[in-house]
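Hi everyone, thanks for making the time.

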Amino acid sequence: MALKKFCRKPGCTKLTTTGYCDDHPPNTYDKQRGTAAERGYDHKWRKARVAYLQQHPLCKHCMNEGKLTPATVIDHIIPHRGDKKLFWDRKNWQPLCESCHNRKTAAEDGGFGNGH
């Protein structure tokens with residue numbers, strides 16, 4: 001018999017052998033959306049990302065506020081939701097720092113991991 005541990009849901013004190021108790025099933029959103037590579041973030045993307053960030057090294061949102069912050073993320077201005085044409089459309093790309101990208105994503109989706 002497997003050793004029981006506390007449910008992985010923060011604050012839950014129930015014991016389980018599966019990671020989560022019956023009251024807190026694991027978030028299936030990440031499983032449904034597929035891996036990064038399955039969503040298009042593969043070797044071809046990584047190569048395009050490096051080239052784009054070399055050409056656009058500063059965060060667009062920070063520049064709009066008068067700050068010079070290195071861009072580390074290519075943001076899809078209009079979320080592609082699996083549309084390969086929109087995914088690869090460079091007019092739909094903008095360079096952002098991680099902080100600005102996280103704020104934008106949270107504002108658009110209402111937070112991370114919510115199924116959008």
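Let's start with a cysteine: the sulfur of Cys12 has its closest cysteine sulfur in Cys21, 3.8 Å away, which is too far for a bond. A disulfide here means two cysteine sulfur atoms within 2.5 Å. Cys12 itself is buried, at a relative accessible area of 14%. By buried I mean under 20% relative accessible area, with exposed over 50% and partly exposed in between, using a 1.4 Å probe and protein chains only.

A word on what we are looking at. This is a predicted model, where local features need a pLDDT of at least 70 and side-chain atom pairs count only at 80 or more, while totals for chains, interfaces and linings use all residues. Residues are numbered from 1 along each chain as its sequence is written, and side-chain values use heavy atoms, leaving out hydrogens and water.

The pLDDT is the predictor's confidence in each residue, from 0 to 100. The protein averages 85, and 84% of the residues score at least 70. Confidence is lowest in helix α1, residues 29-33, with a mean of 56, and highest in β4, at 98. Over residues 112-116 the pLDDT is below 50, although this stretch has 10 contacts in the model beyond near neighbours in sequence. Contact means heavy atoms within 4.5 Å. Where pLDDT is low, the predicted coordinates should not be read in detail.

Now the overall layout. The protein has five helices and four strands, in the order β-β-α-α-α-β-α-β-α along the sequence. These elements are DSSP runs numbered from the N terminus: helices are H or I with at least four residues, strands are E with at least two. Of the 116 residues, 28% are buried.

What makes up the largest nonpolar core? It has eight residues: Trp45, Ala48, Tyr52, Leu53, Ala71, Ile74, Phe87 and Trp93. Such a core is a set of buried Ala, Val, Leu, Ile, Met, Phe, Trp, Tyr and Cys residues joined through side-chain atoms within 4.5 Å. Helix α2, residues 43-55, gives the most to this core, with four residues. Apart from it lies another core of five residues, among them Cys59, Cys62, Cys97 and Cys100.

Please turn to strand β3, residues 73-76. Both of its faces are covered: Val73 and Asp75 on one side, Ile74 and His76 on the other, are all buried. Strand β3 runs antiparallel to β4, residues 93-96, and four bridges join them; two strands pair if DSSP finds at least two bridges between them. Ile74 stands opposite Pro95 in β4.

Asp75, in β3, is buried at 3% relative accessibility. Which side chain does Asp75 join in a polar contact of 2.9 Å? That of Lys104. A polar contact is a pair of N or O atoms within 3.5 Å; within protein, one must be able to donate a hydrogen and the other to accept it, and residues adjacent in sequence count only if both atoms are side-chain atoms.

Finally, Arg81 sits in the loop between β3 and α4, and is exposed at 57%. Its phi is near 45 degrees, a positive value in a residue other than glycine.
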